[in-house]
Each structure stands twice: as structure tokens, then as C-alpha cells.
Amino acid sequence: MKEERKKIGSFMTALFAVVFLLLLMAATASAAEGPAVMITDYIVEPEVLMPGDTGTITLTIKNMDTQSSESEMIVTDPLGTSQQTTTTTSTRGISAEIETIRLSSRSKDIEWLKEGTQRTEYFNVGALGPGESITISLPIKAAAYARDGTYFPEVYIEVDNGDNVRYPVRVQVDSSELQLLEQDIPSGISISESKEIAIVVANNRPNTVSGVNVFVKSSNDDFEFTPEGIFIGKLEAYEQKEVEFTLTPLSEGDHDLYFEATYKNGNNVHHSELTSSVEVKSSSDVKLILVNAPEFVLKGDMARIDFDVANGMAKDIKAVSVVPAIGGLKILPSEYFIGDMEAGDVFSASFDVHTSDLSVGETTIPFKVLFKDVDTDKQYETEGYEVHVEVREPQKSEFPNQMLFGALLVILVLVVLAVWVRVKRKRGQRERE
């Protein structure tokens, strides 16, 4: 009798357990009637906006409503002669009907970007099946007056058959720009030399920028630049790079240099500028020094002109030669070649000018120095040196006229003597008679 009561009690306990499990499952199903929608990830591009920038918030939205359950029930007969195991598996899922997605913000510093329409939300996005994900991009814009800082605009998802979702998104604004810094720009340069100059491009932003280009120019084309622009590409946060240009002056004086960097923060193009100046002068240059030249020369004679060529630059030069900068004259040699000159060297150069074809009067004969830069192989020439030589007409010799006059004088004297002797003889004859 006692054993039967025990068996009946065990059966009732198992029965109550099954009933409780069924009620629990029904309560769980009732509590989760709608699908569970969540934002599982988001990306803000660019990572940090500048005031006035446009960008996107890319959301990953997932319907989390994928459930499966498995239960096991063991039933023993009242007599205890046998037992039965029953396993039940149930799976349920509900599609999420997403009605709208919009962005809201307490301030106007970060807002939905309106392009040609007043729409500020997505309507009728559609159904999202159990376990499915969808990626949505929200266009945003930072106001031009937005202050540096962190903002939390809120993404609102309205689910037609479930709970709505509000999710704050972190958006940063930083007004820091790329900065151009002088690295190696001389205050002065000779008109006859090329010089390498360098600047530093520094990314002061907390995020990466792309498409970085650096350009250089002068106001009135006073310089020749090689190259005129340099592509850097990507600069990581707080990274800096040095860029170099070769500067060749074309005229003397104080001239400005203008550097400009263009870059992208996301899809937004920005500019940074730097202005510097360089004085172009002729001092410390390659000079042509006149050593000797005649003050005048008679037409048909040879005029000898001697020069010293001095390298007053702080660097070596090559292929140095002195040439007359005028045509139509017979000058030998036509080019006086010197070759390589180290800094501070002085060499001589001489020319012979034939004056047969020159007109009488003052003649100006210009000379110039040609040389090449040892680094760039670019050829230069000095402004030159002008030599002034007076060509005179040769004077006619007076010696033949003097001889003729002397001869005539002698003849006259002889004639006078002859007459005097003849007269004297006649007088003597008369006296003797």
C-alpha cells in the first residue's frame, strides 16, 4: 500500500513538472511577441569631421529574433515498471517590419544632410527576417559654426510590429588642419644658382587624411620650380612628411613663394597655405673681371683684351667658358673654355679683336660667362661685361713732303749759287779787260 502511494506521488510530481514547464513556455512566448531589433555596429566616416564637413553614419541593424528551445521530459508509470523519455524542440521567428529610420539631435551642430529635399528620414525600409542584418547609411553634416567636441546624435528606428529603438552615435568634430612649416628655405640666393628648398607637411588632426598634394608657385613667375607639385597621398594622424623642390631664380629682387596643400577629410576637400620670401641677388656670383683692354686702337691693328673669371659662389661649377656676346666681329678665340671651377677659383681668359672691319669711333664689345650647376646640370650665364674700345683712323706719314721740300730748297740754293758764281765770273772778266 505504501509503495503504491509512493508511485502515485511520483507520478503526480512529474505531472506537475510538465504542466509547469508548459506554462513557463507559454509565458515566455507571450512576453516576446514582437521581434528584437538592435544596432550591432556603426561606422562614422570621416572618423573626425571638420566644421562644414559632410559625412555618413553607416549602421548595421539586425533582427535578433532567432530562438530555438529544446526540452526533455521523463515519464514513469505508476507501477514503476517502465519510463519514457520525450524531447521537444521548438523554433520561432518573427520578421521585423521597419517603418522609419531617422536621425535626431538636440543641437544643429550635427544634422541629417538634406540634398535637394526636405526629407530627414528613410520611410518604409521593409521587413528584416529573423537573424538577418541590413546596412543603412545616414548622410550627416557638421555645421560651419560647430565647435570642437563630441556629439551624440540619436538614431531612431521605428518597428511596426515590435519595440522601437533609440541609439546614440558618437560623432567627433575637430577644426585642426594640415600645417605647412618651413624646413629649409634660404633668405637669399644668387641669380645664377639653383637651390633645393624643403618644407614639412604636418597632419595635426586626430584622424587620417588622404589625397595630399603640395604645390609651389611665385607671384610673377620669378622662379622656376622642379617639380611644381608633389603627391604625398595619405597622412596618418599626427604624421608629418618633408617635401623638397628645386628653386631656380629668373630675376633679381625680393620675391614671394606660395605653398599650398590640398587634402581630403573623407570626401571633403580642404586647403592649407604657407607664404615665404627669398631675395635674389647677383653678389657671390660668377664674375668676369676686366684685367686689360686698350683705350684706343688704330683701325687695322689687333686689340688684346684680358679677363679674370672668378667663382664667387659657395659651390663648384662646371663647363665654364667665356664667349663674346656679339656677332659680326672677328674675335679669336670665339669661345674661351675653362672647364671645372671650384669655389673661390680664379682663371684667366684672353681675346684678340681684329679691327679691320670695325668702323672708326667707339665700339662696345660685350662678353659673358657660361657655366653649369654641378647638381642640376642646368646651364646659366652671367649678365656679362661690356668692353669699350675706341677705333681711330691711322695718321698719314709727313716724311715724303719734308723730303720734297728739302730737295726743292737744295735746288733753289744750288741755283742761287750757280747764278752768283756766274755773275761773279762775268765781273772778273770785265775787270781784266
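**Salt bridges and nonpolar cores in a predicted model**

At 41% relative accessibility, Arg304 counts as partly exposed; this class lies between buried (under 20% relative accessible area) and exposed (over 50%), using a 1.4 Å probe and protein chains only. The model is predicted, so local features need pLDDT of at least 70, side-chain atom pairs count only at pLDDT 80 or more, and totals for chains, interfaces and linings use all residues. Residues are numbered from 1 along each chain as its sequence is written, and side-chain values use heavy atoms, with hydrogens and water left out.

Arg304 forms a salt bridge with Asp306, at 3.6 Å from N to O. A salt bridge is a side-chain nitrogen of Lys or Arg within 4 Å of a carboxyl oxygen of Asp or Glu. Asp306 has a relative accessibility of 19% and counts as buried. Arg304 and Asp306 also belong to a network of salt bridges that includes Asp352.

By this rule, the count of salt bridges is nine. Among them is the pair of Arg166 and Glu154, whose side chains meet at 3.0 Å, N to O. Strands are DSSP runs (E, at least two residues), numbered from the N terminus. Arg166 is exposed, at 53% relative accessibility. Glu154 is partly exposed, at 25%.

Lys368 and Glu381 form another salt bridge, with their closest N and O atoms 3.4 Å apart. This pair links distant parts of the chain. Lys368 is in strand S30 (residues 361-373) and Glu381 in strand S31 (residues 379-381), 13 residues apart. Lys368 is partly exposed at 21% relative accessibility. Glu381 is partly exposed at 46%.

Attention now turns to the nonpolar cores. In soluble globular proteins, nonpolar side chains tend to be buried together. A nonpolar core is a set of buried Ala, Val, Leu, Ile, Met, Phe, Trp, Tyr and Cys residues joined through side-chain atoms within 4.5 Å. The largest such core holds 28 residues. Ile57, Ile61, Leu138, Val155 and Ile157 touch the most other members. Elements giving two or more residues to this core include strand S1 (37-45), strand S3 (54-63), strand S9 (133-142) and strand S11 (154-159).

Leu138 has contacts (heavy atoms within 4.5 Å) beyond its neighbours within four places in sequence, including Ile57, Ile101, Trp112 and Val155. A second, separate core has 27 residues, including Val201, Val243, Leu247 and Leu274.

Key: Helix = DSSP H or I, 4+ residues; strand = E, 2+ residues; numbered from the N terminus.
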